[in-house]
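Here's a quick briefing to read alongside the model.

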Amino acid sequence: MSELRLTINGVHHTLDVPQSRTLAEVLRYDLGLTGTKIGCNEAECGICTVHVNGTPINSCIYPAFRAQGKTIVTIEGLAAQDESGEHLHPVQEAFINHCAVQCGFCTPGLMMTATALLNENPNPDDKDIKVALKDTYCRCTGYTSVIAAIKSAGSVIRGEGALPVNDPPIDEPMNVIGHSEKVQDIVERVTGRAKYTDDYVFDGMLFARTLRSRYPHARILSIDTSAAKAFPGVQAVLTAADVPGENLHGLVHFDWPVLCGDKVRYMGDAVAIIAADTQEIADKALALILVEYEPLGVVADPVYARTPEAPVLHEGREGGNLLKHIKVRHGDMEKGFAESDVIIERTYHTPTTEHAFLEPECAIGIPAGYDAEHEKLTIYVGSQIPYQDRNQIARAMNLPDEAVRVRGTLIGGGFGGKEDIAGQIHVSMLAEVTQRPVKMLYTRQESLLFHPKRHATVIRIKTGAKNDGTLMAVEAELYGDGGAYASLSDKVMTRATTHATGPYNVPNAKIDCYAMYTNNPPSGAFRGFGVTQSAFAVEQNMDLIAEAIGMDAVEFRLKNAQKVGVTTGTGQLLRESVGLIETIEKVDADMRANGHFQWGWREGDMAYGWGIACAYKNTGLGGGAPDKSDAEVEAFEDGSVEVRSSSADMGQGLVAVLAQCAAEELGLPYNHVRVLLSDTDLTPNGGPTTASRQTFMSGNAVRLAAANLRDALKTVVSEEFDYPPDRLRFEEGLVRANGSSMSFGEAVKLAKKQGISTRILHEYWGPKTQPLGTGGDMHFAFSYATQAALCSVDLNTGVVSVEKIISATDIGRAINPLLLQGQIEGGIIMAMGNCLTESYIVENGVPWSTLLSRYKMPSIKHTPQIISHLVEHRSSEGPYGAKGVGEIPSINTSPAIANAIYNAVGVRVFNIPVDQDALLRAMRKGETEVYAAWHDVK
Amino acid sequence: MQLWQDYHTPTSVEEAIQHLSSYAGNSRIIAGGTDLLIDLQFNHEGPMLDALIDVTAIPEMTRLTEENGWCTVGGAVTHTNIVKSALIESKATCLVESCGVVGGPQVRNVGTLGGNVAHALPAGDGTTSLVALDAEAEVAWGDGRREWLPLVQLFKGPGVSALDSSRDLLVVFRFKLCGDGEATAFKRIMRPQGVALPVLGCAVWVKLDESKQNYTAARICIGPIASVPARASEVELALYGQPANDDTLEKAVKIAHETLHPRTSKYRATAEYRDHMIETLLRQALPLAVKRAQTGVAQAEGVGMG
């Protein structure tokens with residue numbers, strides 16, 4: 001230990017800390033300044049940025065003692081404090097106003113980098129901002145709002161006032177619905193006070209680590225933990241034998257061992273867990289666990305997995321490596337192709353991709369009875385499915401569900417990647433064994449290795465159409481790489497299959513999908529849920545057909561677009577809320593706005609092209625799965641209302657949407673409603689935050705609970721005023737009769753006096769759906785989108801850039817337009833990554849993409865101009881007509897880009913991410929098709 | 001994860017060498033640390049280091065000076081400070097252009113030119129330009145000797161430096177600044193996926209005759225071609241005494257294709273693509289340097305756009 005003198009946010013600190021600390025560690029763990037986040041420890045993501053003597057640096061790789069005697073500013077020091085309170089920095093104000101904050105985890109880094117820029121240059125243009133923030137990642141926003149916010153902050157700093165916010169126009173705003181309200185803890189998210197799991201500290205807390213497999217597929221012969229157990233400071237070392245209950249977890253199929261005892265099936269498999277007094281001790285002790293393995297043959301890809309010679313991962317399982325064969329049968333294929341004038345058949349490959357939410361997984365377990373706050377075994381975790389976490393923990397711990405409490409913390413991004421169990425069961429076991437709180441924080445590298453990814457797919461698709469542009473038939477075969485465990489493969493690949501006709505009227509379809517077990521990291525939910533993959537194939541085949549019959553790509557889509565009255569490939573008659581044609585028309589009008597439209601052209605050494613693609617995505621679980629959300633609404637005598645729901649806000653702004661629904665129903669100002677999320681003891685089950693379902697499902701649950709509460713209050717007020725209940729008006733925080741009124745709080749008081757409960761639970765059941773293969777409504781709503789991408793291709797290098805995206809999205813109803821726009825912009829940028837930058841590479845079962853520096857996602861420098869239109873074809877059952885938005889923007893960007901590349905240079909890309917190397921070589925050789933992706937460069 | 005024990009911040013080269021020597025091989029020099037801390041976490045095998053020796057408080061290593069037409073850049077000068085140097089921008093433009101595309105601002109603010117060279121990548125951006133500038137480096141060896149060496153002699157293989165960063169120290173670089181009729185340029189090709197290493201980088205230095213119409217000399221570094229950075233001497237030779245026009249450029253491109261044989265690197269580039277990129281880069285960098293030499297005006301391009 002040595003003396004370290006620092007001035008942090010104007011306060012002098014003299015610390016006695018080890019010389020081995022990084023600055024980020026000192027800030028977070030020695031000083032409790034947890035606003036500074038650690039995203040990667042590789043100087044890659046930039047979210048740990050602080051100022052040292054005014055210069056922005058990555059604190060994760062900055063030795064603390066290098067800062068000796070220096071002045072440091074962190075996110076906590078950005079706002080000014082005086083007698084009158086806190087005054088937010090213009091950057092903080094602007095990030096709030098422009099909705100440049102979603103999950104909030106990267107926000108401190110973005111704002112510290114931005115303030116450093118504005119300190120030097122208060123009038124930055126787009127390029128200056130892109131240069132300054134180039135290596136500060138945000139996975140949620142897509143950066144468009146960030147750029148706007150920084151410009152606005154600069155304008156305020158220059159004394160020129162804030163710039164207008166790009167709030168999208170919408171149809172028929174209501175009192176609260178249709179307004180861009182801010183999430184309730186937005187100030188916490190911009191000041192660094194927002195707490196994510198790793199920001200929590202409990203007395204006596206231990207630190208945990210997981211020993212993971214050394215092989216992608218091996219039998220475990222022996223595990224010797226004696227040396228690790230004897231290591232000073234180690235409090236527990238546990239293996240499969242120590243799992244108190246069932247040593248399996250899973251979301252659909254229970255096939256994933258809590259700890260592997262007999263065999264390992266991928267490199268991320270957990271073999272042993274350690275709790276120790278410090279993280280350093282846990283790290284060191286991990287290396288002392290001796291495991292003897294007998295390596296087995298590796299199943300490296302899904303096509304091989306289905307062959308008879310492939311080793312079987314889950315021995316004794318009926319069906320071997322075939323996780324599921326999914327079938328769509330519709331119409332008469334023979335007739336469909338016989339009547340087609342043009343038939344196009346191609347094979348497409350999409351990569352495994354990684355969510356790269358900026359907050360790595362973290363869980364804290366607290367043993368039952370540890371203190372008054374923790375009577376039950378309690379797990380703090382940022383999870384997308386708190387109640388299913390509880391159930392999986394309880395099964396493994398051999399406890400009833402009610403004996404376990406899951407307390408949801410803020411989630412630093414999810415995108416589907418925080419649905420599966422990570423450290424929740426492990427910390428439960430370690431906490432109960434040691435009788436102390438235990439924190440398990442994954443490193444970025446462990447997160448990359450461990451959690452389920454987006455399925456890599458191979459999609460062969462054959463499309464037939466008549467010369468007049470009528471689509472006649474689609475036949476497709478999909479292989480999905482499910483990885484080592486089922487996770488949500490069954491559901492994801494079902495969605496890929498059912499959506500493989502595209503959002504079109506396809507009278508004849510035959511689609512087969514094989515979801516396979518392999519020794520790769522498991523695949524699971526990822527924004528788009530399989531549809532991102534099939535859309536890449538469907539929408540390129542659409543362009544190929546249009547070209548073959550000589551029809552404009554837009555006209556061809558319009559001719560076949562789903563509309564009310566069309567029956568989908570799964571036999572669902574679309575009866576309402578099909579806004580696809582309007583989305584196509586809106587995008588087409590913008591694309592052709594300059595009058596002399598061309599799909600492709602050249603300027604000097606650059607080729608430009610437009611590409612268009614459509615998408616649809618179900619809202620809700622569908623497929624016959626009972627879909628239910630519970631929510632509770634309680635009114636208080638002070639006129640405030642609390643909404644309670646176990647559902648996840650991972651940045652999409654669900655807390656705002658739920659509060660808006662309650663405020664609208666009760667005629668309250670938005671800020672009279674607060675939301676308590678995700679505590680399984682205090683909040684009812686909102687179901688999984690997946691499938692773009694929470695606005696629809698929990699939004700409805702809250703809306704109906706609030707409506708019931710309103711009706712209860714009506715009866716009371718009606719008697720008081722002697723006025724018919726159905727003529728009472730709830731508005732502006734008042735209950736109004738003709739000429740008289742009382743405040744909402746007084747109405748609550750009155751109700752309570754009469755013994756009427758002002759706490760209402762509503763169990764909302766989504767409309768019934770049908771399983772695939774039985775016809776009827778497989779889903780209760782679909783969202784629709786069209787996107788056009790303008791891309792450039794450098795004719796000398798093959799480098800592809802996206803210059804502009806025009807998007808139109810039918811979401812039924814815009815409950816919160818700015819949050820919605822944030823979902824769309826963020827989804828588009830994420831999908832650009834899917835097409836251009838991202839591939840999680842696994843070499844014969846061994847991940848290569850083990851560092852964030854090997855997994856590039858779009859940064860602010862890739863951000864194109866985005867023009868997004870909202871289209872609102874109301875869904876009759878959705879809250880105020882709303883449908884889902886979380887996934888729909890992330891589906892058609894990739895094929896739109898691929899179509900644009902073709903229109904620019906005449907080369908079609910069938911495998912992604914696009915390899916500029918192969919593209920250039922094809923261009924130079926005059927070839928028109930490329931079947932190599934980046935990861936094929938070897 | 002604890003990666004080292006002690007942290008020292010010496011204020012002279014001698015003190016730094018003494019520290020290294022006292023830890024007998026189990027300490028390391030740290031300059032910016034942007035590569036080192038990642039290596040220690042993810043690639044380091046063996047026991048935890050006893051110490052890091054921080055060289056960023058050694059005055060002679062953090063200075064950037066001009067004397068008699070020569071520029072001296074301390075090994076611990078950051079990329080940002082090089083990019084901000086008006087002197088280097090005007091008279092060794094390629095170095096600003098290469099240092100300006102390394103990482104993002106946070107990395108450039110701490111990452112140093114010495115660290116870039118000591119890391120010994122065959123196509124480090126700073127390295128490529130230093131080779132074209134014919135730079136020399138002063139090394140303080142662990143045995144107390146100080147020695148000036150041509151830059152290329154510091155490279156032994158991909159990632160293998162002649163310096164042992166547990167014993168030796170790269171103190172300063174020096175190179176001659178461009179005079180009248182001389183100029184430089186740096187260009188590189190990246191891909192948006194995978195590690196942020198150049199597919200191919202190219203730095204050129206040209207010297208024109210008094211008429212400013214003919215080459216009298218040139219130095220060109222294109223990499224990675226071999227396992228260590230090297231000059232493209234056949235291409236340079238093709239320029240000597242030739243008019244600075246398109247015909248000469250075509251000849252240079254042809255000779256480059258004939259004499260430079262890049263290899264395929266996994267997840268980075270195929271040999272065939274790199275072969276095309278040699279041409280693309282020469283066509284960009286050479287005319288740019290010629291224009292700068294002719295006009296005497298050089299403004300760095302692409303800074304921050306890496």
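Let's start with two parts of one chain: the C-alpha centres of domain 1 and domain 4 of chain A are 31 Å apart, with domain bounds taken from an automatic or database domain assignment. Keep in mind that this is a predicted model, where local features need pLDDT of at least 70, side-chain atom pairs count only at pLDDT 80 or more, and totals for chains, interfaces and linings use all residues. As for bookkeeping, residues are numbered from 1 along each chain as its sequence is written, chains are lettered from A and ligands numbered from 1 in the order in which they are written, and side-chain values use heavy atoms, with hydrogens and water left out.

**Domains of chain A**

- The assignment for chain A lists domain 1 (80–194), domain 2 (200–296 + 359–412 + 418–450), domain 3 (527–537 + 544–612 + 780–936) and domain 4 (628–765).

**Helix 2 of chain A**

- Helix 2 of chain A covers residues 90–97, and its buried residues are Val91(A), Gln92(A), Ala94(A), Phe95(A) and Ile96(A).
- Here, buried means under 20% relative accessible area, exposed means over 50%, and partly exposed is in between (1.4 Å probe, protein chains only).
- Helices (H or I, at least four residues) and strands (E, at least two) are DSSP runs, numbered from the N terminus.
- What do the buried residues of helix 2 of chain A pack against? Their partners are helix 3 (107–120), helix 5 (144–157) and helix 6 (186–191) of chain A.
- After helix 2 of chain A comes Cys99(A), which has a positive phi, near 60°.

- On a 1 Å grid over the protein atoms alone, a cavity is a set of points where a 1.4 Å probe fits but cannot get out, while a pocket is an open set with protein on both sides within 12 Å along at least five of seven lines; lining residues have an atom within 4 Å of a point.
- Grid points are joined across faces, edges and corners, and a volume is the space filled by probe spheres set on the points.
- The count is ten cavities of 30 Å³ or more.
- The largest cavity has a volume of about 550 Å³, and of its 37 lining residues, Met650(A), Gln652(A), Gln823(A), Val885(A) and Gly886(A) are the closest to its centre.
- Why does the largest cavity lie between domain 3 and domain 4 of chain A? Because both of these domains give residues to its lining.
- Helix 21 of chain A gives the most to the lining of the largest cavity, with three residues.
- The second largest cavity, at about 140 Å³, has 19 lining residues, and nearest its centre lie Glu361(A), Val381(A), Gly382(A), Lys418(A) and Ala422(A).

**Where the two chains meet**

- Between the chains, 51 residues of chain B are in contact with 58 residues of chain A.
- The area buried between chain B and chain A is about 4500 Å², and 56% of it comes from carbon and sulfur atoms.
- Gln106(B), Gln193(B) and Tyr267(B) supply 18% of the area chain B buries against chain A, more than any other three residues.
- The second largest pocket has a volume of about 1200 Å³, and among its 40 lining residues the closest to its centre are Thr55(A), Glu120(A), Thr80(B), Lys84(B) and Asn109(B).

**Inside chain B**

- Chain B is split into domain 1 (4–54), domain 2 (63–176) and domain 3 (182–295).
- The C-alpha centres of domain 1 and domain 2 of chain B lie 19 Å apart, and each of these two domains puts 15 residues into the contact.
- Leu237(B) sits in helix 10 (residues 233–239) of chain B. Is Leu237(B) buried or exposed? Leu237(B) is exposed, as its relative accessible area is 60%.

Conventions
Contact = heavy atoms within 4.5 Å. Buried area = accessible area lost by both parts, 1.4 Å probe.
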